[in-house]
Amino acid sequence: MSISGTDGLGMRLPGVNASTADAKKLQVAQEFEAMFIHQMLKSMRNTVPKDENTSTGRRIFTEMMDEQIANTASRTGSFGLAQIIYKELTGKDEMPMNTPPKASEKQVETWVNEASASTNMDKNLIKAVIHQESGGNSLARSDKGAKGLMQLMDPTAKEMGVINSYNGRENIMGGTKYLKLLLERFNGDESKALAAYNAGPTAVENYGTVPPFQETQNYVKNVLQYREQLSQETAL
């Protein structure tokens, strides 16, 4: 992934994800996978006895739905065929991800509210983590490879079901889900959960408390202080 510079937090921002040639090869790979999936769905439907009463409109709708399913699956890499083809065409293991536009504050607010409602998490805690991690920049990328609003590492993103960490909604939903799992793991202890978000759960378990790392201790303090500030502002 090419780099276009850094933001105010010292985080790298994604630039163009692939060369023009690679982008065309990616498109070819995805189109081929889409055609393959479409034909597969069509073949599967042909094994089901046809209903003579099915209207022409229904058949057209079904065909369009199968095409949409195929296109979506190829873009998200659900089947993995496009990745295999892309690797053969370019020799590169990782396909570039489409980088969406930078999310607005209003969008972030909407996604935070959604994540809070679906997980029963304090929305101000989610906001505080986002503030500390990326300053609200959905396109932020750290030197270690953490991405997006809640700075998800690729293995964590994958585990939480996040396909594109630069997709603000996906990132917040995945990051909130991970934070909730950490809270459950540490019996609701917010300091330990936040320390685990920053330094990893193993470090917290090894020390039995917030690890004596300056970065992690500052992280926990800053997140909790900012959450408290947000809570006071909300109460006014």
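**Figure 1. A128 sits in helix α5, residues 123–134.** Helices here are DSSP runs of H or I of at least four residues, strands are runs of E of at least two, and both are numbered from the N terminus. This is a predicted model, in which local features need pLDDT of at least 70, side-chain atom pairs count only at pLDDT 80 or more, and totals for chains, interfaces and linings use all residues. Residues are numbered from 1 along each chain as its sequence is written, and side-chain values use heavy atoms, with hydrogens and water left out. A128 has a relative accessible area of 1%, so it is buried (under 20%; exposed is over 50%, partly exposed in between; 1.4 Å probe, protein chains only). Beyond residues up to four places away in sequence, A128 touches V223, Y226, R227 and L230. Contact means heavy atoms within 4.5 Å. The C-alpha atoms of A128 and N222 are separated by 8.3 Å, although the two residues lie 94 apart along the chain.

**Figure 2. The largest nonpolar core has 33 residues.** Such a core is a set of buried Ala, Val, Leu, Ile, Met, Phe, Trp, Tyr and Cys residues joined through side-chain atoms within 4.5 Å. I126, V129, I130, I172, L194 and Y197 have the most contacts inside the core. At least two core residues come from each of α4 (105–119), α5, α7, α8 and α10 (214–235). In soluble globular proteins, nonpolar side chains tend to be buried together.

**Figure 3. I172 contacts V108, W111, V112 and A115, among others.** Its partners also include I126, I130, L149 and M150. Neighbours within four places in sequence are left aside.

**Figure 4. Helix α7 (residues 168–185) crosses helix α8 (residues 190–199) at roughly 130°.** Their axes come within 8 Å. Axes are lines fitted to C-alpha atoms, for helices over the stretch in contact, and angles run from 0 to 180 degrees between N-to-C directions. G175, Y178, L179, L182 and L183 of α7 meet E190, A193, L194, A196 and Y197 of α8. By class, this contact has eight nonpolar, one polar and one charged residues. Ala, Val, Leu, Ile, Met, Phe, Trp, Tyr, Cys and Pro count as nonpolar, Asp, Glu, Lys and Arg as charged, and the others, Gly among them, as polar.

**Figure 5. The chain has ten helices and two strands.** Of its 236 residues, 38% count as buried.
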